[in-house]
Amino acid sequence: MKTLNKLIIFIVLVLATISCSDDFLEQEPTNKLSDDVILSSTDALEVAINGSYRSLASYALDGLFYEGMADVRSGDAVMASASNYGWFINPYRFNLTATSRYSVWPWEVAYEVIDNANVIINNIEQVPGDETEKNQLYGEALCLRAYSYMLLATMFADKPYSVNPDAMCVPLRLSSKDVANDPHLARASVGDVYNQIIEDLLEAEPLLGFVRTGRFSQRAAQGLLARAYLAMENWEQASSWAATCHGGQELQTEDMTSGFFDYNNETIFGYDFTDTDNNIFLSHPSFWYLDGPGSGNLYGYSTLLYTPEFVSIFDANDARNMFIRSDTTLVEEVGAIASNFFGVAAHYTYKFRHRNDFLGQARLIRMRVAEMYLIEAEAEAQLTHDVNAQQALFEVQSRSIPGATQSTFTGAALLDEIYLERRKELYGEGFGVWDLMRLQLPVDRSSPVHWGYTEDIIPANADILSLPIPQDEIDANDLITEEDQNPAYN
Amino acid sequence: MKKITIFFAFLFFVSFQAAAQLEITGTVTNATDGSPIPGVSIVVKSNTSIGTSTDIDGNYSLTIPESSNVLMFSSIGMKSKEVEIAGRSVINVQLEEEVLQMDEVIVVAYGTIKKGSFTGSASVVDEDELKKITTPSVGQALMGSTPGVQVTSASGQPGSQATIRIRGTGSLLAGSSPLYVVDGIPVSTGNYSDIANDSYATSSDVLSTLNQNDIESITVLKDAAAASLYGSAAANGVVLITTKKGKEGESKINFDAKYGYQSLGNERYDLMSSDEIYKIWFDNYLQQAQANGLANPVEYANSQTITALGGHNPYNVDNPLDQNGNIVSGASNVINTDWRDVVFDTGKTQDYSLRASGGSEKINYYASGGYSTYDGIAVGSDFERFTGKLNLSSDMTDFLRFGMENTLGYTVQNTPPGGGGGASPYRMSLLYNNAVPFYVVDENGNPVLDSEGNKQYNYVNPVSPDYNPVGLSKLNIYRTKTYRAISSLWMELDVLENLKFKSIGNVDYIGLTDYRFYNPYHGDGKPVSGRGSRWPKTDLNWTISNTLTYDKQFAEAHNVNFLLGYEAFESNYERINVDATGFYVIGDILFPELDNASTPEDAGSYTLTESKSSVFSRLNYDYNSKYYFSASLRRDGSSKFGSEKRYGLFYSLSGSWRISEEAFMDSFDWLSGLKLRASYGTSGNDNISNFAFLGLYSPQSYNDMSGLIHDQLANDKLHWEANANLNIGLDVTLFNRLSFTYEYYNRKSTDLLYDRPLPLSTGFGSIITNLADLKNYGHEFELNYNILRSDVVWNVGFNLSKNTNEILEILSSQIDPNDGTKRWEEGGSIYEFYLEEWAGVNSSTGEPQWYMDDGNGNKVVTSNYNEATRYKQGVSTPDFFGALNSDLSYKGFELSLMFYYSIGGQIYDDVERQLFYNGDNKGNNMTNEANDYWSTDNTDAKYPRFDVDGGLNSYNRSTLFLHDATYIKLKNIQLAYNIPQDFLNKINFSSMKLYVSAENVFVWMKDKDLKVFDPEMGIGGVNFFRSPSPRVFSFGINVGL
């Protein structure tokens, strides 16, 4: 009896032990999708495209760094030296290194977008789905890639296209296949990069059907073509695409200022930051808008200010003269050079505001109709079509400056006027120093509110204007060596 | 029932007497030399509350109930003995000296073994050691207890996790923590909290739900012979925790209470007072104003100084300093806030435990309840724990036994952020300068009261806008609640006379509710009118383990023990996150629950499932208790790897030779034991994320619509990290009182997971690959000496460990991803600092200098930080470390202490760096060392010139902040008194011990420039803003009934 009991218990236990199957070791992730799921339908690709915009709009790239660096390195803007955890201090002081976040992060994120776009561009043909949908996805992927390369070329090219089309630019990666085993790629020339940008945009432009906010549309592709050709100094094409893009749309005077932080009729492309989906402290209004520490209302850092010299280029009644002097009795009373701290004797702008007064709740407008007129004006002036240039310029001037009269300048004077207008119209929108580099103009740091850098004037085409190629790229890429680093950093 | 009566007797201090009495007298002597033994404890077996002890001549006299049958004699260093009374009234007893350690039974993988026959390397820490440390973390109690185990604590937050490395760090990226096994079942460890996590330099260890008072012993398995049977989880060693069980005939009730105070041990940084920091800024602004020929230099310098200090004027007049830098008449300093005093305070610690245990022939039980509370030394930091335990076992029939072990724990931990985060009180305590007032004050430094007459916290400061450490601690919530139940049901069946089958089913449940609330009034929550975030999560693990054991002796000399087992494991981790903003702003009342929020911000969830199935086997054989041999084999399958690399095989071989048992050793009387051991074997490390082998897209929404981003490249060849471990050991015992153990080990870890760097232009920074190899090798030495064993018993223990870590192979050198201060390269240690080298001050310009490579391999100096070259600067890990213990007892008094030492290694003090800045970080506090800055009058200064506009970069990372980490610490000291047995008998107690103890009493640091609060820090040797290990004074009582 006892033996039988033992035997029964033993057999039951042993059976319990061996009743496990092989499936037991198969588990799936629940909050991530594997590569093969992504390529199974256009629905999945649509989600992947949407996610790419979020990367593009991250603060590390086009959501903040690109525009922030444009202005803090242009001489027009000054960073308060404290109270914002050091953001933008190093680019402002031209104190960047190859491991600096302002070099590494934009590069990293841009190539992340390029990889996402490449997956779609390389595989769209095999993916089952509706042709119109596929065209739209393909077109947007091409725009995402082209735009990312434009940002990279602007920041990292040794010299802009306008200075030397053969200058070293960035690796031109057009395929996502087998990147783990074949990761090495040399720096392409600025010319090659721009040729690819043009090729992608020209292919994309006719494919884009839908218009959705926060995404590349046909009109946005046209605007990007205008920008790219302007950078390449292909004045005919720049002018023509700019005109196609603005389509003669009249600039509105009413409610114009809301167009700097929210969509209006003039918006061609912008990032769709929503109440819950935005960069919060690392957003435009956080840095640009006033209402910072000490005011009792904490709506961000409020540490990016403009110099008195920059503010003085605006007429008093210019609608874009949206500045408030930071509180500083110091300079007047003591007649001293300015403090670098809270009381910096510079000016806040209220061009970029929070919507609903919540931190970071603002659209980020990246392309407006006014820019197209300015591109047209510049290109036409270069083509010595002075009247066309003056008219395009006047579109922009007349809406902001009461009683403005159409320019009668020609040649260099006209171009200077256009450059000045660009500076006034587009400050804070990602042009600043990138324009100075393209136009081969010096950076003027002579304002007494500037600090932390010894030179008053950084000459045109100075090496230090380009960003360093990230050290991680040099270390891991066999085809980019220390000798290939931009000259200011090796 | 009887026990309950005794318990009530204890509660009311009512004594009762047994009816018929009998007096017994006698002498207890040493069996070896016949000398009398004082202090021998004698109790009645059937009623252990009746007992006495021998006097200095070994004599005793005891009155016992007539019904008593057996007396139990026990003494430290002697074998315990039970003697039948058998009607005698004089009982003389001889006790034999305990042969140190050889007969001790230790807990090993899937069973127990006599220490003498063990072929592997393991150390046992018993409950007395664990009780000496006032911490809820079991891991911290292991510090210094055993060689080869390095315990470091990055944070003194109660409930946080100690980093434990057994014989060095064997991985680059995968986890290097040991496997924890409680009562035979691997359990979850580590941090589950979203609030106390790495990015805030804090943690909340789920292992802190265990009550140390319930732990019988901890065995640390170090080599392959000991650990390899745990296969793919054993590469970093195994910590076996055995909880207390009831024993037949020993019905006991124990009550322990401990109460203590903990505080900041040292305030080392010599921070500037508001006078001093005002002066340094003023002097330099004045100089700047004069150099620039300003009209009103004094006014300029004063106003700029106040701005630099964050807008706070610590004096009661407008221009407090004159052109000579002296305080003008009528001016007095009215603000001088010591922010360390504000943030750090004395905290109370309390620990209570009530335990009942015992057993009859058929059933044994152990039940306990515990309550502990620890106030951290920093504002807003605390930990509270409730535990319950029930272990039961029953001999159902003579061939079938079953039992259950249940461990319940509930903890509440409040963890303010550490590290560099804006809300970190540790950062605030050091970086706020003393001119920043604690309360809102008027120009005379008097508090400005609100409408209700209360002082108002000042939130304006230049370091972290809108923060005040005390104000925020009252308004914000950083709370982690952990619920844990570990429950095992087991059954053991004697299938045949020598064949046992054992089945264990275990459930380990962890539930957490993390709750963070940023208030709507100040700090992080202000811009969004308050933010509440919750992270509820559960982790349910089950394990089924079945083993068959065959144990037989053949021909009285051949002992065979064979084990065959199967184990299945599954873990289900579910996590939810919700986040909402827009809370009521009603006076300053808080309504932190999310129902009170107007705007849901974020919601997410995911589930991670992991499964593992294993078969394993072990053979132990010994011949005549002289020659031992052991072999083990395990095959693991894991869901963490792709189908091609799913299974792994691990083995070990080991043997030992007890030389002292050989006949030819008989003449060496003094040699009580001599044993040589060797082992070799393999194990794996699967401590990596669940789906590292898949190409993955992760969600990232845009425009309130779902989005995905390609963020992981596929690698279907990913597999376990392998670990091959060689161990050679020698155990020697002399004169039965001096024992020492030496071990050499060489632990080679191959196929280490490594983020193979890819050019960023691929869209990926790296791909996880099995690429690197490294080894840890070293020596361990342990010595125990029973110096005195007469009426004074004195034992001294010493241990020493030396570990060398060397990277054998790595695809390309890379900066470590942890803190960026080290570089991983072949031939170096993973803890080797790689830093810019400080070259002092240029005596003619006052500029900082660093070394750079001139391109020809020569070191030259540069004042441009960007040109500075990084050089190897030594490792963060000590050359050797260990502890010295002493336990002294005399007549009921016990004095024990432990010194912990750590010799060699480097500490990089990032806090010092941030406190020193020469003008770069306006508003931050500084130390008085900064006054030694270069000027034309002080050209041989230690520090560069002070530049009010900053830009010299002298505070950038460099060896200026690197120091020798050597230290010696009096880790703990305890004085205890055992109330004499005679007295206890009268009040019917079986034992009572009173003690006082102190921990982290003092620390000596070799490098006088090292000013860290506490040299005990994370294994990477980087000091940052954190809670140091506190100094604790406590007293307590242990009572046994």
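Strand 2 and strand 3 of chain B form a hairpin with two residues between them; strands here are DSSP E runs of at least two residues, helices are H or I runs of at least four, and both are numbered from the N terminus. This is a predicted model, so local features need pLDDT of at least 70 and side-chain atom pairs count only at pLDDT 80 or more, while totals for chains, interfaces and linings use all residues. Residues are numbered from 1 along each chain as its sequence is written, with chains lettered from A and ligands numbered from 1 in the order in which they are written.

Strand 2 (residues 41–44) of chain B pairs with strand 3 of chain B in the antiparallel sense over four bridges, where pairing takes at least two DSSP bridges between the strands. B:Val43 has B:Gly51 of strand 3 as its bridge partner. Strand 3 (residues 47–53) of chain B has five of its seven residues buried, so it is largely enclosed by the rest of the structure. Buried here means that 20 or more other C-beta atoms lie within 10 Å of the residue's own, with C-beta atoms placed from the backbone.

Further along chain B, there is an open sheet of three strands in the order 46-45-50, with mixed pairing. Strand 46 (962–964) and strand 50 (1022–1023) of chain B sit at the edges with a single partner strand each, so one side of each is left without a neighbour in the sheet. Strand 45 (residues 906–909) of chain B runs antiparallel to strand 46 of chain B, and three bridges link the pair.

As for chain B as a whole, it holds 10 helices and 51 strands, and its C-alpha atoms fill a box of roughly 110 × 70 × 65 Å along the principal axes. A compact globule of 1041 residues would have a radius of gyration near 31 Å, and chain B comes in at 32 Å, which agrees; the radius is taken over C-alpha atoms, and the globule rule is 2.2 Å times the number of residues to the power 0.38. Buried residues make up 50% of chain B.

Chain A has 18 helices and 11 strands, and 55% of its 490 residues are buried. Helix 4 (residues 65–72) and helix 6 (residues 101–123) of chain A have axes that come within 11 Å and cross at roughly 140°; axes are lines fitted to C-alpha atoms over the stretch in contact, and angles run from 0 to 180 degrees between N-to-C directions. The contact is made by A:Phe65, A:Tyr66 and A:Met69 of helix 4 and A:Tyr102, A:Trp105 and A:Pro106 of helix 6, with contact meaning backbone-placed C-beta atoms within 7 Å. By class, this gives six nonpolar, no polar and no charged residues; Ala, Val, Leu, Ile, Met, Phe, Trp, Tyr, Cys and Pro count as nonpolar, Asp, Glu, Lys and Arg as charged, and the others, Gly among them, as polar.

Finally, the two chains meet. Their contact takes 78 residues from chain B and 76 residues from chain A. On the chain B side, strand 26 gives the largest share, eight residues, and the classes are 35 nonpolar, 33 polar and 10 charged. Strand 1 (residues 33–34) of chain A also pairs with strand 30 of chain B in the antiparallel sense over two bridges, and A:Leu33 stands opposite B:Tyr697 there.

Key
Contact = placed C-beta atoms within 7 Å. Buried ≥ 20, exposed ≤ 12 C-beta atoms within 10 Å, placed from the backbone.
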